[in-house]
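Hi,

Here is the structure I said I would pass on.

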Amino acid sequence: MMLTPVVRTMLLVNVALFLITAFGINLTYNFALYSFLSPAFQPYQLVSYMFLHANFNHVFSNMLGLFFFGPLLEQVWGSKKFTFFYFFTGIGAGALFAAINYYEISHFRDAIAAYTAAPTPDGFLYLVKDHAPGLYEQLFDFINQFEDNSSNPTYIQNSIKIVNSYYLQQVNIPMVGASGAVFGILMAFGLLFPNTELFLLFLPIPIKAKYLVAFYGAYEIYSGVYRAQTDGVAHFAHIGGMLFAYILVRYWGTQRKNFY
């Protein structure tokens with residue numbers, strides 16, 4: 001497969017920055033995307049986060065998707081249009097993720113304030129289940145002990161410290177990766193070439209691009225709703241990339257012509 005200019009550049013930049021971080025230069029604090037509620041947030045992070053990755057598997061999977069699906073789109077649209085598409089979907093993915101994160105974290109912050117004003121074992125239990133389900137198993141013994149010592153000031157203060165500590169942890173988790181833009185590329189590929197048959201490493205039979213896109217979209221929505229707080233994956237960034245890609249491709253009115 002012939003690499004097109006923008007795809008080649010994106011591959012080189014992403015891999016180069018990953019190698020820089022792998023050799024111990026920390027770019028995360030300044031260039032990863034932080035919550036709008038975090039003191040570390042800066043507007044330019046909506047762009048810079050796309051060029052950083054958490055580990056080898058992360059950068060490899062994203063660059064593999066860019067390598068396979070990007071060149072044909074760049075050939076169809078041209079380099080200038082493809083570049084705009086890449087950044088539009090990547091920024092859109094980051095913005096949607098950050099907006100949902102803000103909604104969730106701000107509700108958590110307000111729930112903590114309400115709990116702090118009237119702390120009870122039941123209130124602590126509901127707070128954890130509603131806003132920090134990943135902590136429930138870890139806190140199971142403490143929850144039972146708090147219930148048996150509901151008026152003990154030590155348990156009350158510890159419960160407040162636990163939820164505040166978890167809030168600070170969540171608000172300062174950075175998000176990195178080109179996944180939003182790559183999922184946008186996948187969506188565009190499915191829209192322009194819906195009946196192209198693809199062979200996947202984990203699936204020994206061909207699957208049409210439109211079905212692959214539909215599967216990924218459904219999986220990401222399910223995971224974003226039910227698993228986003230426990231698996232460490234920015235599913236809503238993936239959804240955002242696909243959503244903004246769909247909007248832009250439809251806006252451009254791009255149709256599949258002369259490509260089979």
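Of the 260 residues of the protein chain, 43% count as buried (buried is under 20% relative accessible area, exposed is over 50%, and partly exposed is in between, with a 1.4 Å probe and protein chains only). Before you read on: this is a predicted model, where local features need pLDDT of at least 70 and side-chain atom pairs count only at pLDDT 80 or more, while totals for chains, interfaces and linings use all residues. Residues are numbered from 1 along each chain as its sequence is written, and side-chain values use heavy atoms, with hydrogens and water left out.

On the overall layout, the chain comes to eleven helices and two strands (DSSP runs numbered from the N terminus: H or I of at least four residues for helices, E of at least two for strands). From the N terminus the order is α-α-α-α-α-α-α-α-α-β-β-α-α. The C-alpha atoms fill a box of roughly 75 × 40 × 35 Å along the principal axes. Among contacts (heavy atoms within 4.5 Å) with a separation of 6 or more, 69% are between residues 24 or more positions apart. The chain exposes about 14,100 Å², and carbon and sulfur atoms supply 63% of that (Shrake-Rupley areas with a 1.4 Å probe; for residues, only the protein chains shown count as cover).

Now the inside. The largest nonpolar core has 50 residues (a core being a set of buried Ala, Val, Leu, Ile, Met, Phe, Trp, Tyr and Cys residues joined through side-chain atoms within 4.5 Å). The residues with the most contacts inside this core are Leu66, Leu73, Trp77, Phe82, Phe85, Tyr86 and Ile185. At least two residues each come from α1 (5-22), α4 (56-77), α5 (79-117), α9 (179-192), α10 (209-226) and α11 (235-252), and α9 gives the most, with nine. Leaving aside neighbours within four places in sequence, Leu73 is in contact with Gly78, Phe82, Ile185, Ala188, Phe189, Leu192 and Phe193. There is also a second, separate core of 21 residues, which includes Leu135, Ile156, Ile160 and Val163.

Next, α1. Val6, Val7, Met10, Leu11, Asn14 and Phe18 are buried in α1. Seen down the axis, the buried residues of α1 fall within an arc of 135 degrees, so they line one face of the helix (the arc is taken from the directions from the helix axis to the C-beta atoms). Their cover includes α4 and α5. After α1 comes Gly24, with a positive phi near 100 degrees.

Arg109 is partly exposed at 34% relative accessibility, and Asp110 is partly exposed at 45%.

Two other residues to look up. Gln45 lies in helix α3 (residues 45-48) and is buried, with a relative accessible area of 0%. Not counting residues up to four places away in sequence, Gln45 touches Tyr29, Asn30, Phe31, Ala32, Leu33, Tyr34 and Ala40. Thr116 is in α5 and is partly exposed at 35%; its C-alpha atom is 9.6 Å from that of Val163, 47 residues apart along the chain.

Cheers
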